[in-house]
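Welcome, and thanks for taking a look at this protein with us. Please have the sequence and the 3D view open side by side as you read.

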Amino acid sequence: MKTIIVSTDFSREAENATHYAASLAKENNYKMVLFNLQTVSIHALHAQASADFFYEQTLKNQKKISDKASEISSLYAVETAHHLASGNFIEELENCIQIHNGDCIVMGMAEKTLEQRLLGNTVIKAIHRIKKPILIIPAHIEYTGVRKILFAYDAHRNMTWSAMNDIYSFIHEFNAEVEVFNVNERLEDFTEVIHDADLNSGYDPDDIKYSFKMIQSFEVIKAIEEEIKRAHIDLLTMVPHQYNLLESLFHRSKTAIMAYKNKIPLLSIPLNIN
């Protein structure tokens, strides 16, 4: 049985993602773990609050996450546990994954704000650092099933296709169709996609309902957005690329851009490099 870890801070987008994940878990007989990172207000730190105060706050937070897990379990008939942590978000999320043997992370995504532009976003940090698939749910989306998946495939990235195991797992469990979608500036680059012998390695193509579509364009993000609308896609899948310091000065992660702009759930598959 797979285990979904849902990161929640009880915000509107996190609550929506929790209910999306619960519907997903119910349909596929998954387990759920609600992960919450408790934070201490700056006012309490400045006031040098006592140890008793922090203990009481922990008890309140523990009850809040426990009550939410009980609520989800009752509403959806899904086995739901909870995990309360404090400290560094990424480190504690990784610890939660290890303890509960998590297979996938679910996170809600709020609309991009000025604060996020200046300080970054925990979702964006997670997709570049957590070595598990992350399902990112826009705040307005309800679960209605996954029938068609768009895999935005970049032929120029040095990756091994063990990442495809996670994509095919979703395809099989939802009996979904997948469209492998590639956007390139030059027609000559499409030969890399066509001759990528490792794309279906280890799988019987007859068991997978998939198709290829290739578009010549200089506007990758726009092309993906238009294809999502045209093909009535339920889930976008991308593999984020890790830029080095020099590259990061000139490039922005397309996965991060789509996480902010996307109008449908985004499944980010970690890049596996030998």
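This is a predicted model: local features need pLDDT of at least 70, side-chain atom pairs count only at pLDDT 80 or more; totals for chains, interfaces and linings use all residues.

Residues are numbered from 1 along each chain as its sequence is written, and side-chain values use heavy atoms, with hydrogens and water left out.

**The fold overall**

- The protein holds 11 helices and 10 strands; helices (H or I, at least four residues) and strands (E, at least two) are DSSP runs, numbered from the N terminus.
- Of its 274 residues, 50% count as buried; buried means under 20% relative accessible area, exposed over 50%, and partly exposed in between, with a 1.4 Å probe and protein chains only.
- Among contacts (heavy atoms within 4.5 Å) with a separation of 6 or more, 81% come from residues 24 or more positions apart.

**The sheet and the helices on it**

- An open sheet of 10 strands runs in the order E3-E2-E1-E4-E5-E10-E9-E6-E7-E8, and its pairing is mixed; two strands pair if DSSP finds at least two bridges between them.
- Strand E3 (80–85) and strand E8 (210–216) stand at the edges with a single partner strand each, so one side of each has no neighbour in the sheet.
- On average, neighbouring strands of this sheet are turned by 25° against each other, direction ignored.
- As background, strands of a sheet pair through backbone hydrogen bonds, either parallel or antiparallel.
- Strand E1 (residues 3–7) pairs with strand E4 (residues 104–109) in the parallel sense, over 3 bridges.
- To find this pairing in the view, look for Val-6, whose bridge partner in E4 is Val-106.
- Helix H4 (residues 89–100) packs on the sheet and touches E1, strand E2 (31–37), E3 and E4, with its direction at about 155° to that of E2; axes are lines fitted to C-alpha atoms, for helices over the stretch in contact, and angles run from 0 to 180 degrees between N-to-C directions.
- Helix H6 (residues 122–129) packs on the sheet too, touching E4, strand E5 (134–138) and strand E10 (266–268), and its direction makes about 155° with that of E4.

**How H4 and H6 meet**

- Two packed helices are described by the angle between their axes and the distance between the axes.
- The axes of H4 and H6 come within 10 Å and cross at roughly 55°.
- H4 and H6 are therefore oblique to each other; angles under 35 degrees count as roughly parallel, over 145 as roughly antiparallel, 65 to 115 as roughly perpendicular and the rest as oblique.
- At this contact, Phe-89, Ile-90 and Glu-94 in H4 meet Thr-122, Lys-125, Ala-126 and Arg-129 in H6.

**Salt bridges**

- The structure has 7 salt bridges, each being a side-chain nitrogen of Lys or Arg within 4 Å of a carboxyl oxygen of Asp or Glu.
- Lys-68 and Glu-71 form one of them, with their closest N and O atoms 3.3 Å apart.
- These two residues sit 3 residues apart in helix H3 (residues 51–76), so about one helical turn separates Lys-68 and Glu-71.
- Lys-68 is buried at 11% relative accessible area, whereas Glu-71 is partly exposed at 34%.
- Glu-227 forms a salt bridge with Lys-213, the closest N and O atoms being 3.1 Å apart.
- That pair links distant parts of the chain, with Glu-227 in helix H9 (residues 220–231) and Lys-213 in strand E8, 14 residues apart.
- Glu-227 is buried, with a relative accessible area of 3%, while Lys-213 is partly exposed at 25%.
- Arg-230 also meets Glu-227 in a salt bridge (2.7 Å, N to O), and Arg-230 is partly exposed at 48%.
- Glu-179, Lys-213, Glu-227 and Arg-230 are linked in a network of salt bridges.

- Thr-3 lies in strand E1 and is buried, with a relative accessible area of 4%.
- Not counting residues up to four places away in sequence, Thr-3 touches Lys-31, Val-33, His-100, Asn-101, Gly-102, Asp-103 and Cys-104.
- Ile-171 is found in helix H7 (residues 164–174) and is buried at 4% relative accessible area.
- Ile-171 and Lys-209 are 38 residues apart in sequence and 8.3 Å apart in space, C-alpha to C-alpha.
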